Amino acid sequence: MRAFFYPAKCGEIRGHAQERTMWINGFRQSTVAASDRALQFGDGCFTTAAVRQGKIVMLESHIQRLKEGCERLWIAGVDWHQLETEMKQAAYEQTQAVLKVIISAGSGGRGYSRRGCGEPVRIVSLTAWPQHYTDIQQRGARLRLSPIRLARNPQFAGIKHLNRVEQVMIRAHLDQTDADEALVLDTEGWVVECCAANLFWRQGTQIFTPDLSASGVDGIMRRSLMAQLAAAGQACQIVKSEPAQLLAADEVVICNALMPVLPVRQIEAVQFTERSLFKQLLASCEQIMDAS
């Protein structure tokens with residue numbers, strides 16, 4: 001039996017979402033079973049999207065990300081048509097908000113085994129738009145090197161699975177500093193990403209981004225910007241880089257689906273003042289969002 005998606009009542013969360021509003025399998029509620037595998041084992045994946053004027057920015061890319069995550073995690077049986085309907089209805093009449101979608105492998109099974117597990121669970125939620133990115137875009141982001149390293153595992157690299165304890169610890173350390181974001185390395189010392197953003201940097205006319213084949217999240221905005229650069233005839237080199245190479249760059253930029261792109265003004269004690277790549281990528285982000 002397909003659940004009916006209950007939209008918000010008139011005036012309840014229209015305009016700007018103020019608090020978290022959640023739907024589970026299409027029903028307005030905020031609790032899942034204690035036996036849900038997302039809770040028990042982090043067994044699932046997610047995506048986070050920007051909502052503007054009632055529309056989900058890069059909707060197709062977010063759906064594709066969830067499909068890729070489920071394929072990599074061997075989660076089958078998701079009703080993708082119903083999920084897309086639920087996402088669109090959640091975004092309806094929202095001027096600006098953040099929409100998050102979680103796919104859980106469901107409830108059941110014995111121990112780690114999924115045998116006997118029920119159907120996947122769809123969780124859609126809305127939260128208020130983060131206002132701090134506007135300020136950071138003006139002054140530039142400050143990054144601190146995180147002591148928490150990302151494990152290397154090609155099976156899960158790139159996707160947004162629910163095992164986020166590394167990012168939780170990275171954020172916990174970051175919250176003890178005055179920085180805006182973290183510079184995160186993997187266990188071999190290669191530059192990977194930030195806590196919740198991807199990296200680009202420029203050295204002269206050359207543009208670089210970290211190799212994410214063994215760890216990190218291959219963000220939707222990162223993919224889109226790389227496609228825009230390629231379309232403009234500019235190569236973006238995917239590299240394994242040590243922190244020293246990043247610190248020697250002329251310019252560093254970070255991005256995600258919400259920022260959508262921010263200039264970096266400082267990493268540890270190193271200052272960055274140039275913003276040509278930032279301005280180019282910001283213009284690309286505006287084109288991407290206008291096309292959504």
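**Charges over rings**

A: Lysine 100 lies over the face of phenylalanine 46, 4.8 Å from the ring centre. This is a predicted model: local features need pLDDT of at least 70, side-chain atom pairs count only at pLDDT 80 or more, and totals for chains, interfaces and linings use all residues. Residues are numbered from 1 along each chain as its sequence is written, and side-chain values use heavy atoms, with hydrogens and water left out.

Q: What makes arginine 275 a charge over the ring of phenylalanine 278?
A: The rule asks for NZ of Lys or CZ of Arg within 6 Å of the ring centre and within 35 degrees of the ring normal. The charged end of arginine 275 sits 5.8 Å from the centre of the phenylalanine 278 ring, so the distance meets the cut-off.

**Aromatic pairs**

Q: How many aromatic pairs does a search of the whole structure find?
A: There are 2. Rings of Phe, Tyr and Trp (its six-membered ring) pair if their centres lie within 6.5 Å; planes under 30 degrees apart are stacked, over 60 edge-to-face, and the rest tilted.

Q: Why does tyrosine 112 count as exposed?
A: Its relative accessibility is 71%. Buried means under 20% relative accessible area, exposed over 50%, and partly exposed in between (1.4 Å probe, protein chains only), so tyrosine 112 is exposed. Phenylalanine 41, at 29%, is partly exposed.

Q: What makes the pair of tryptophan 201 and phenylalanine 208 stacked?
A: The angle between the planes of tryptophan 201 and phenylalanine 208 is 20°, under 30, so the pair is stacked. The distance is 5.9 Å centre to centre. Both tryptophan 201 and phenylalanine 208 are buried.

**Helix H4**

Q: How do you know that the buried residues of H4 line one face?
A: Tyr133, Ile136 and Gln137 are buried in helix H4 (residues 132-139). Seen down the axis of H4, its buried residues fall within an arc of 105°, so they line one face. The arc is that of the directions from the helix axis to the C-beta atoms. The face turned away from the buried side of H4 carries the exposed residues Thr134 and Gln138.

**Salt bridges**

Q: Why is the contact of aspartate 43 and arginine 114 called a salt bridge?
A: The test is a side-chain nitrogen of Lys or Arg within 4 Å of a carboxyl oxygen of Asp or Glu. Aspartate 43 and arginine 114 meet at 2.6 Å, N to O, so the pair qualifies. Aspartate 43 is buried at 9% relative accessibility, whereas arginine 114 is partly exposed at 30%.

Q: What makes arginine 152 and glutamate 188 a salt bridge?
A: The side chains of arginine 152 and glutamate 188 meet at 3.5 Å, N to O, so the pair passes the cut-off. The two residues are 36 residues apart. Glutamate 188 counts as exposed at 53%.

Q: How many salt bridges does the structure hold?
A: It holds 17. Glu68, Asp218, Arg222 and Arg223 are linked in a network of salt bridges.

Notes
Helix = DSSP H or I, 4+ residues; strand = E, 2+ residues; numbered from the N terminus.
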